[in-house]
Amino acid sequence: TIQNPHLHPTVMVTKLQKGVAIAVLTSVASIAYYILSYQNLLPDELEVRRQQKIALRRQQSAIASAKKRERRETLRKLDRKNHLPKFIDRALNLRQQQLSPDEQRLQLTHDERQLDLSAPQTICGRPTAIGTLQDFNLLRQSQKPTCPGTNPQTSNNVNSDENNPPKSLLLLDGGKARGRTGNNLVEFLHALQYSRDHDIRLGVMTGSWAMRVLLKMWMAIDLENEEEWVARFEEAFCLKIFRNEEELVAAGYTRDKISRMDTKELFWYVSSEPLEEYMSSQAEDLRVLWRGYNTGMGVDSSGEVVNDMCSGINAVFGNGEDKSEVVYSVIHSRSLEGEPGYRLLSNVSKHSGCDPVAALEMRPEYIKSILKPLGMLQHPIVFITDGQSFEVLQRLLTDPDIGPLIRLVPEEASWIGGDMTLGLMSNVFIGNPASTFSGFIAKSRVAMGFGHNYLFMSKDGKGGYRPSCGDVCIFNSKVMGVMS
């Protein structure tokens with residue numbers, strides 16, 4: 001019709017009918033051919049085909065079973081070599097002895113009472129190692145029972161109560177922050193610790209650097225229940241949120257009662273608390289933070305819809321049930337701007353005994369010396385990086401043992417929060433102790449009960465590497481200095 005637009009309609013219909021008839025006859029002939037061919041098969045041939053199908057199903061089942069056995073064996077091997085500080089268990093057991101069942105029940109919020117308290121806590125569908133929701137609440141109660149700066153018996157703010165607020169306030173405000181995200185997270189954790197160490201009330205302005213950094217990844221604002229969100233945030237971190245100067249004045253905080261520390265001062269703050277107490281309080285803050293990880297719902301401090309912290313895990317392993325069981329390692333490569341990175345790692349090396357270059361270069365031999373004894377060279381290796389040193393990735397990809405296992409986060413799903421969660425929930429984490437981002441992941445993993453954090457490794461004299469400093473080192477100011 002297109003070729004001859006003047007064709008008579010009757011002729012057009014006739015040609016169309018002929019075309020349909022030919023198509024139908026061709027289809028019928030094809031079906032008849034296959035039916036006759038199948039019927040002409042000898043009984044022996046039919047039996048062979050049936051047996052082939054059975055064999056294929058058995059083979060597929062055997063492969064799936066072998067993968068499950070391999071995964072279980074790897075996890076057993078990881079468990080046998082999993083060495084974590086015992087402060088989490090001690091804190092939990094202490095509070096279990098101190099609290100009656102009725103007191104334990106009263107610690108839960110109304111929403112938590114509707115949950116299965118016996119179910120393990122999960123992040124992005126993967127279980128943590130800190131037990132159940134009941135355990136989490138017991139651990140929280142092992143810390144100081146009142147917020148800093150609010151206890152009239154211990155605080156310098158002797159006259160503090162609801163109608164007469166504390167006399168002094170440490171206020172986090174201003175939009176500028178020092179360094180990258182890893183540094184900013186250290187600064188916020190140091191602010192919480194400073195508040196505890198000096199028994200001073202902590203306040204945060206809604207437009208501050210702290211809110212900008214935190215809300216992009218955790219505890220997004222629920223616009224439909226903003227007042228409830230404020231109360232939940234304040235209770236979680238034992239602080240007070242202020243929207244403007246008028247609210248400060250209305251709460252009784254005049255300028256002479258407000259202390260301010262910029263992010264540089266907070267970064268350089270080193271607590272004088274004993275190591276175990278410092279680890280315990282820092283781990284508590286991290287557990288609270290990760291309990292409120294963002295899932296793509298809510299907004300941040302600028303009103304933008306937040307990203308999903310699970311985007312990296314979902315992109316690499318899919319949204320199915322497999323992501324809860326998949327065994328994988330994460331390598332975090334951070335170059336730290338070249339020469340300054342070598343100087344920084346060299347300084348950490350002096351106090352921890354770790355190799356002064358291995359965690360920066362991440363050479364295949366270094367990675368294999370960690371993963372091979374754990375049986376992890378049979379499982380995926382996710383590579384996350386700041387993108388400044390492509391040669392690190394290139395070396396790993398060209399290695400015959402490691403290259404086929406490397407998985408990269410798709411560009412559309414790659415962002416700092418998703419990468420962080422991938423590292424947190426991995427079975428094995430290999431990072432750079434001179435990077436605050438690696439350090440934050442390692443601290444979070446310890447807080448969640450995970451071992452197998454390989455940041456401090458030294459040569460063993462046999463061509464391999466061994467741990468030179470345990471998980472406690474990442475919290476130890478004598479090793480990490482201000483990054484602890």
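Buried, in this report, means under 20% relative accessible area, exposed means over 50%, and partly exposed lies in between, with a 1.4 Å probe and protein chains only.

## Basis of the model

This is a predicted model, in which local features need pLDDT of at least 70 and side-chain atom pairs count only at pLDDT 80 or more, while totals for chains, interfaces and linings use all residues. Residues are numbered from 1 along each chain as its sequence is written, and side-chain values use heavy atoms, with hydrogens and water left out.

## Nonpolar cores

A nonpolar core is a set of buried Ala, Val, Leu, Ile, Met, Phe, Trp, Tyr and Cys residues joined through side-chain atoms within 4.5 Å. The largest one here has 109 residues, and those with the most contacts inside it are Trp218, Phe233, Phe237, Trp290, Tyr366, Ile430 and Phe456. Helix H12 (residues 275-291) gives the largest share of this core, seven residues; helices (H or I, at least four residues) and strands (E, at least two) are DSSP runs, numbered from the N terminus. A second, separate core of seven residues includes Met205, Phe242, Leu248 and Ile258.

Leaving aside residues up to four places away in sequence, isoleucine 430 touches Val330, Ile331, His332, Met362, Tyr366, Ile367, Ile370, Leu371 and Tyr454.

## The parallel sheet and its helices

An open sheet of five strands runs in the order E9-E8-E7-E10-E11, with parallel pairing; two strands pair if DSSP finds at least two bridges between them. Strand E9 (406-408) and strand E11 (453-454) are the edge strands, each pairing on one side only. Strand E10 (residues 428-430) pairs with E11 in the parallel sense over two bridges, and phenylalanine 429 stands opposite asparagine 453 in E11.

Helix H16 (residues 364-371) packs on the sheet, touching strand E7 (329-333), strand E8 (381-385), E10 and E11, and its direction makes about 150 degrees with that of E10. For such angles, axes are lines fitted to C-alpha atoms, for helices over the stretch in contact, and the values run from 0 to 180 degrees between N-to-C directions. Helix H19 (residues 436-447) lies across E7, E8, E10 and E11, running at about 155 degrees to E10.

## Salt bridges

A salt bridge is a side-chain nitrogen of Lys or Arg within 4 Å of a carboxyl oxygen of Asp or Glu, and a search of the whole structure finds twelve of them. In one, the side chains of arginine 196 and aspartate 285 meet at 2.7 Å, N to O. Arginine 196 lies in helix H7 (residues 181-197) and aspartate 285 in helix H12, so the pair ties together parts that are 89 residues apart in sequence. Arginine 196 is buried, with a relative accessible area of 18%, and aspartate 285 is buried at 6%. Not counting residues up to four places away in sequence, aspartate 285 touches Leu189, Leu192, Arg196 and Phe237.

Glutamate 234 forms a salt bridge with lysine 240, the closest N and O atoms being 3.8 Å apart; glutamate 234 counts as buried at 15% relative accessibility, whereas lysine 240 is partly exposed at 32%. Within helix H12, arginine 287 and glutamate 284 are three residues apart and separated by about one helical turn. These two residues form a salt bridge with closest N and O atoms 3.8 Å apart, and both are buried. Salt bridges that share partners also join Asp173, Glu245 and Arg260 into one network.

## Aromatic pairs

Rings of Phe, Tyr and Trp (its six-membered ring) pair if their centres lie within 6.5 Å, with planes under 30 degrees apart counted as stacked, over 60 as edge-to-face and the rest as tilted. The structure holds nine aromatic pairs. The rings of tryptophan 218 and phenylalanine 440 have centres 5.9 Å apart and planes at 55 degrees, so this pair is tilted. Tryptophan 218 sits in the loop between helix H8 (209-215) and helix H9 (226-237), and phenylalanine 440 in helix H19, 222 residues apart; both are buried.

Phenylalanine 242 and tyrosine 253 have ring centres 5.9 Å apart and planes at 85 degrees, so they pair edge-to-face. Phenylalanine 242 counts as buried at 1% relative accessibility, and tyrosine 253 counts as buried at 4%. Phe188, Trp229, Phe233 and Phe237 form one aromatic cluster.

Technical notes
Contact = heavy atoms within 4.5 Å.
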